[in-house]
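Visitor: I have a model open here and would like to go through a few details with you. Can we take it piece by piece?
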Amino acid sequence: MKILGNGLGLAEGEHWAKLRKVANHAFHGESLKNMIPDMVASVETDAAKQLLEGKNIFDMLNKLCSLLFKNSYKIRLPGISKLFKTSDEIEGDKVEKEIRNNILEIVQKREKKAVTEKEDSFGTRKEVLQLFGKQNPNPDGIAKLKTMNMIINEALRLYPPVIQLSRKTGREVRLGKLVVPANVQLVIPTVAFTMIPQIWGQDAQLFKPERFSEGLAKATKDNMAAFLPFGMGPRICVGFNFATTKAKIALSMILQRHSFTLSPGYVHSPLHFLTVRPQHGVQVILHSL
Ligand code: HEM
């Protein structure tokens, strides 16, 4: 019975009711409707492969069933299995372990596939391949990297390397309702502006490059000062174009050659130390295309 676990089929009472509620929800019309495209895709492409993967598991389940059946009327003292195992019990444990490993293998394979598919969910690789094919990036194409530009903007919004600007008033100035005398040092916490829900919405903390799909003015609801990763005015970052162009070239060349996933060892820990940076680096796993 160990292999059957404590699932819905064997659960009782309150535990059963809880599991049943979850299962009802999972198999409810709406949830099921959302699964249909995946079901269709899996029937079209993966059916044969899945059958092969699954066959091994069903063979082992059959073996386990016959062991259970063979032993179901045998009387054993409670706890004796811990001290002494019959050959059937040893065989049963082995089969159970194999089933578990097989299932885990299938799950891991699916997870890996899902991550690889998700990796280009914004269509950036498609965009790169359409513009450059396998050739090196060229200036005309770089200017047309629309989704990549959106992704870079969104990354800079959430993790601006420079989190504040500073200015000193050369003379008395009026800032809205505020009159600031001459020689005052002002700190402008630009990072705080990137989280204003009235501008960015309730999902301001989420990574959503599509918010930049219709340009900066639309994304900031005409408050261009809400997005200042490179500063503003005459002292705006002089390397602005250099930095974004280099990033686009590097990303394009990676996407032309590799798919990549975040390493399971990566720990998300942005650290502000002069600039914002990943405290422990960003470990990715590259797969050649
Ligand atoms: C993602 C990369 C970069 C970010 C986020 C960034 C951000 C900034 C920011 C916020 C400022 C202050 C702007 C202001 O006060 O209004 C600045 C200034 C500056 N940046 Fe960058 N920067 C980047 C890359 C670069 C690169 C690659 C270079 C050089 C090739 C560069 C050179 C400069 C210089 C020289 C200034 C001072 C400009 C001045 O005071 O007139 N930056 N940067």
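Visitor: Which backbone oxygen does the side chain of Thr 169 reach?
Guide: In this predicted model, the side chain of Thr 169 comes to 2.7 Å from the backbone oxygen of Pro 181.

Visitor: And is Thr 169 buried or exposed?
Guide: Thr 169 has a relative accessible area of 7%, and since the cut-off for a buried residue is under 20%, Thr 169 counts as buried.

Visitor: Where is Thr 169 placed, and what does Thr 169 touch?
Guide: Thr 169 sits in the loop between strand 1 and strand 2 (173-175), and, leaving aside residues up to four places away in sequence, Thr 169 touches Val 180, Pro 181, Ala 182, Asn 183, Val 184 and Leu 186.

Visitor: Switching to the ligand: which protein donor does its iron atom have?
Guide: The only protein donor of the iron is the SG atom of Cys 237, at 2.3 Å, and Cys 237 belongs to the loop between helix 10 (215-219) and helix 11 (240-257).

Visitor: How many residues surround the ligand, and how do they divide?
Guide: The ligand is surrounded by 15 residues, of which eleven are nonpolar, two polar and two charged. Strand 1 (165-168) and helix 11 each contribute at least two residues to that shell.

Visitor: What about Arg 167, Arg 235 and Met 232, how far are they from an oxygen atom of the ligand?
Guide: A side-chain N or O atom of Arg 167 is 2.7 Å from a ligand oxygen, a polar side-chain atom of Arg 235 is 2.7 Å from a ligand oxygen, and for Met 232 a polar backbone atom lies 3.1 Å from a ligand oxygen.

Notes: Residues are numbered from 1 along each chain as its sequence is written. This is a predicted model: local features need pLDDT of at least 70, side-chain atom pairs count only at pLDDT 80 or more; totals for chains, interfaces and linings use all residues. Side-chain values use heavy atoms; hydrogens and water are left out. Donors are N, O and S atoms within 2.8 Å of the metal (3.2 Å for Na, K and Ca); water is not among the atoms, so sites may look incomplete. Helices (H or I, at least four residues) and strands (E, at least two) are DSSP runs, numbered from the N terminus. A residue is near a molecule or strand if one of its heavy atoms lies within 4 Å of it. A polar contact is a pair of N or O atoms within 3.5 Å; within protein, one must be able to donate a hydrogen and the other to accept it, and residues adjacent in sequence count only if both atoms are side-chain atoms. Ala, Val, Leu, Ile, Met, Phe, Trp, Tyr, Cys and Pro count as nonpolar, Asp, Glu, Lys and Arg as charged, and the others, Gly among them, as polar. Buried means under 20% relative accessible area, exposed over 50%, partly exposed in between (1.4 Å probe, protein chains only). Contact means heavy atoms within 4.5 Å.
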